[in-house]
Amino acid sequence: MLTEQTTQLQTGLRGKLIQPEDADYDISRKVYNGMFDKRPSMIARCADVADVIAAVNFARENNLLIAIKGGGHNAAGLGMCDNGMVIDLSPMKGVYVNPKKKTALVQAGCTLGDVDHATHAFGMAVPSGINSTTGISGLTLGGGLGHLTRKCGLTIDSLLEADVVLADGSCVRASATENKDLFWALRGGGGNFGVVTSFLFKLHPISTVYAGPMLWDISDSKEVMQWYRDYIKDAPDDINGFFAFLTVPPGEPFPEHLHLKKMCGIVWCYTGPLKEAEEFFKPIRSFKTPALDLVGPIPVPALQSMFDPLYPPGLQWYWKADFVNELSDEAIDLHIMHGSQLPTMLSTMHLYPINGEASRIGKKATAWSSRNATWAEVIVGVDPEPANKDIITNWAKEYWNALHPYSAGGAYINFMMEEGEDRIKATYGDNYKKLIKIKTKYDPKNLFKVNQNIKPSQKG
Ligand SMILES: Cc1cc2nc3c(=O)[nH]c(=O)nc-3n(C[C@H](O)[C@H](O)[C@H](O)COP(=O)(O)OP(=O)(O)OC[C@H]3O[C@@H](n4cnc5c(N)ncnc54)[C@H](O)[C@@H]3O)c2cc1C
């Protein structure tokens, strides 16, 4: 029965329906995090909105679980599922820049790199994340943190409209004037409300920035963290800097004497006038001379893809996250204790600032409620070797357990594994009830549940 219907679905699609017997099944079911090895019944590679509508209708009518794959980068592997249907948006890669209106219409299968490539040609940028291979869809729906957060806000703060295929197969627009409740929920509520097929973003006139990493010896961590904590609190919006514990990779552009050394660092991004950058950085450079300083003028797409070669698809990743308001000296000591014990070369800890412009948007203005947190902390155990899964997982858990008592409650959903309803509730705080209401209106049967799930109310 299903086979006959499946054939009909395939005939109606412009894209390809991939099933377990197909040669491209194994490659198509891979996600970025190599810890996941899910086996869906079928993957609908959607070429356009009509394909998405057909796939949603088919899955609903046949009671199939749905996973939505944008860029497939999700920490928890939520772009893929076992048994059900994967709606794979990766063929939908159009980006249409309107230089007069300073907007970009972006199809849902784009990576951050696709967006940067298209907008940079016009001297503009969409604020997004730090690896160009990440999907714009999942990143945006979760919030979107990156090098331009303090200057421009989260990615959702530049979102003007989204086109969405709902659970009933209808396609609607969500914006400040149409389906306002849906627009509110999409900005931070993840993939809970439907399949977004395109995003309209406001563009920012940012093209070349003064940016890059500065590294210090791990023994200087306390001084660097304390200085960073105080500096970033009241720094001008033009400067963004995320703190990291890391191991120096053994290759260019890093000098040989630093190879494989554990260090601490800050990755800067200055969006002010380039001619003033050197002067601006004088106090940063002089508080403690860095062991390595790679900060200089760089085009936005190059900055946003700087770390791509280190992190190819298929590595093992274990993520733990929290929001943080204050970084006490006690917390700093614990950070140093765990951060200096990175278990593998690629494991790291980042503190992303979310003050500046991101904090000026009201806590209730979008679903993303943690506007008054100072940082999004993420601890990631990473390694190519599946045999090291336990080592990286245990390190991340122990690190997180030590620091969690100093956190603000909740975590950025895009930095979380599947950690249960309480964590999701804590993340959305006062916005959780409203999210349930909107979920119940747009997806009463929870057709879209392979995500950081907000369950619809049973009362309807
Ligand atoms: C190497 C790396 C670097 C990262 N850096 C950053 C960073 O700098 N800043 C940051 O904010 N985040 C960052 N992230 C986290 C990233 O935002 C999340 O992993 C995000 O989920 C990725 O989106 P995706 O489209 O690639 O994911 P997918 O795995 O394809 O999907 C993730 C989730 O979003 C939903 N979804 C995807 N597309 C749609 C759609 N079109 N409509 C409805 N629902 C959809 C899916 O249902 C799923 O639940 C990073 C992740 C990695 C692996």
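Me: How many helices and strands does the secondary structure of the protein chain come to?

Reply: In this predicted model, the protein chain comes to 14 helices and 17 strands. Its radius of gyration is 22 Å, against the 23 Å that the globule rule gives for 460 residues, so the chain is as compact as a globular protein of that length. Along the principal axes, the C-alpha trace spans about 70 × 50 × 45 Å.

Me: Which elements give two or more residues to the shell around the ligand, and which of them gives the most?

Reply: Strand 3 (66–69), helix 5 (136–142), strand 9 (195–202) and strand 15 (316–324) each give two or more residues to the shell, and helix 5 gives the most, with four residues. There are 35 residues around the ligand, of which Gly-70, Gly-72, Ile-130, Leu-145 and Tyr-412 come nearest. By residue class, the shell divides into 17 nonpolar, 17 polar and one charged.

Me: Why is the largest cavity called a cavity, and what lines it?

Reply: The term applies because a cavity is a set of grid points where a 1.4 Å probe fits but cannot get out. A search of the whole structure finds one cavity of 30 Å³ or more, and the largest cavity has a volume of about 50 Å³. Its lining includes Gly-142, Gly-188, Phe-323, Trp-368 and Tyr-412, and the lining residues divide into seven nonpolar, five polar and no charged. Tyr-412 is also one of the residues that come nearest to the ligand.

Me: What lines the second largest pocket, and how do its residues divide?

Reply: The second largest pocket holds about 520 Å³ of space and is lined by 27 residues, of which Ile-27, Lys-30, Val-31, Tyr-32 and Lys-69 lie nearest its centre. Helix 2 (residues 25–28) gives the most to this lining, with three residues. The lining divides into five nonpolar, 13 polar and nine charged residues.

Me: How do you know that the peptide bond joining Glu-252 and Pro-253 is cis, and where is Pro-253?

Reply: The omega angle of the bond joining Glu-252 and Pro-253 is about 0°, and the bond is cis. Pro-253 has its place in the loop between strand 11 (239–247) and strand 12 (262–270).

Me: What is the phi of Asn-63, and where is this residue placed?

Reply: Asn-63 has a positive phi of about 50°, although this residue is not a glycine. Its place is in the loop between helix 3 (49–61) and strand 3.

Methods: Residues numbered from 1 in each chain as written. Predicted model: local features only at pLDDT ≥ 70, side-chain atom pairs only at ≥ 80, totals over all residues. Heavy atoms only, no water. Near = heavy atom within 4 Å. Nonpolar A, V, L, I, M, F, W, Y, C, P; charged D, E, K, R; others polar. 1 Å grid on protein atoms, 1.4 Å probe; cavity = no way out; pocket = protein on both sides within 12 Å on 5 of 7 lines; lining within 4 Å. Points joined across faces, edges and corners; volume = space filled by probe spheres on them. Rg over C-alpha atoms; globule rule 2.2 N^0.38 Å.
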